[in-house]
Amino acid sequence: AALAATKVAGEASIHSTILTSVTVAAIAIAIGILLAWFIARGITRPILSLNAVMAAMSRGRLDSEVGGADRKDEIGEMARAVVVFRDAGIEKLHLEQAADDQRKAVEAERARNEAAQQEAARQVAQVVEGLGQGLERLASGDLTYRVHDDWAQEYRKIQG
């Protein structure tokens with residue numbers, strides 16, 4: 001009877017040990033899964049955020065805020081690289097705008113110069129026409145002819 005009681009107590013102890021081991025293993029696995037989820041979340045969340053910022057930048061939205069640049073790990077290095085790309089894109093836009101403004105200014109100056117040249121050519125043609133009429137009249141013997149055209153100021157000296 002004592003041996004049977006010892007056997008029952010031993011089996012109960014073994015079952016209790018197995019149950020405790022399975023419970024501890026289940027708790028350890030649950031804690032491991034929970035820790036793995038937190039660690040994965042801590043890695044994937046910033047990477048997904050950087051991915052979203054880079055996708056926005058590829059569509060031309062350079063005003064996106066880059067998170068994680070202050071981190072000291074690899075994700076922080078990637079975020080700082082994205083900041084460099086964003087700043088370079090903004091600088092490129094500024095340079096393109098400056099070049100466009102300069103091109104427009106050059107085009108406007110060219111148009112002004114062309115207009116001034118056309119006006120000068122018109123004035124010269126007017127003077128030549130007036131002098132031609134005066135010389136024709138002189139050739140026909142009319143010494144009283146005067147040029148009465150409205151010439152530019154720099155040509156009025158020869159008009160009189």
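**Entry 1: the two helices.** I began with how an axis is drawn: axes are lines fitted to C-alpha atoms, for helices over the stretch in contact, and angles run from 0 to 180 degrees between N-to-C directions. The model is a predicted one, in which local features need pLDDT of at least 70 and side-chain atom pairs count only at pLDDT 80 or more, while totals for chains, interfaces and linings use all residues. Residues are numbered from 1 along each chain as its sequence is written, and side-chain values use heavy atoms, with hydrogens and water left out.

I took helices (H or I, at least four residues) and strands (E, at least two) as DSSP runs, numbered from the N terminus. I then looked up how α1 and α2 pack, and I noted an angle of about 10° with the axes 11 Å apart. The two helices are therefore roughly parallel to each other, a label that covers angles under 35 degrees, whereas angles over 145 count as roughly antiparallel, 65 to 115 as roughly perpendicular and the rest as oblique. For the contact (heavy atoms within 4.5 Å) I listed G42, I43, P46, I47, L50, V53, M54 and M57 on the α1 side, and I75, M78, A79, V82, F85 and R86 on the α2 side.

**Entry 2: a nonpolar patch.** Which residues make the nonpolar surface patch? I wrote down I27, I31, L35, I39, I43, I47 and M78, which together make a patch of about 630 Å². Patches are made of residues with over 30% relative accessible area and no salt bridge, like charges being joined within 9 Å and nonpolar side chains (Val, Leu, Ile, Met, Phe, Trp, Tyr) within 5 Å. The areas come from the Shrake-Rupley method with a 1.4 Å probe, and for residues only the protein chains shown count as cover. Helix α1, residues 2–58, gives the most to this patch, with 6 residues.

I picked out I39, whose place is in helix α1, and found that I39 is exposed at 54% relative accessible area. On this scale buried means under 20% relative accessible area, exposed over 50%, and partly exposed in between (1.4 Å probe, protein chains only).

**Entry 3: salt bridges.** I counted a salt bridge wherever a side-chain nitrogen of Lys or Arg is within 4 Å of a carboxyl oxygen of Asp or Glu, and the structure holds 11 of them. One of them joins D87 and R86, at 3.3 Å from N to O; D87 is partly exposed at 37%, whereas R86 counts as buried at 15%.

Another joins D100 to K104, with the closest N and O atoms 3.4 Å apart. These two are 4 residues apart in helix α2 (residues 74–139), so about one helical turn separates them. D100 counts as buried at 17%, while K104 is exposed at 52%. I also noted that D100, R103 and K104 are linked in a network of salt bridges.

For R110 and E107 I noted a closest N and O separation of 2.5 Å. They stand 3 residues apart in helix α2, again about one helical turn, and R110 is partly exposed at 40%, as is E107 at 41%.

**Entry 4: a glycine in α2.** Is G130 buried or exposed? G130 lies in helix α2 and is buried, with a relative accessible area of 0%. Leaving aside neighbours within four places in sequence, I found G130 in contact with V147, D149 and W151. The C-alpha atoms of G130 and R146, 16 residues apart along the chain, are separated by 9.5 Å.
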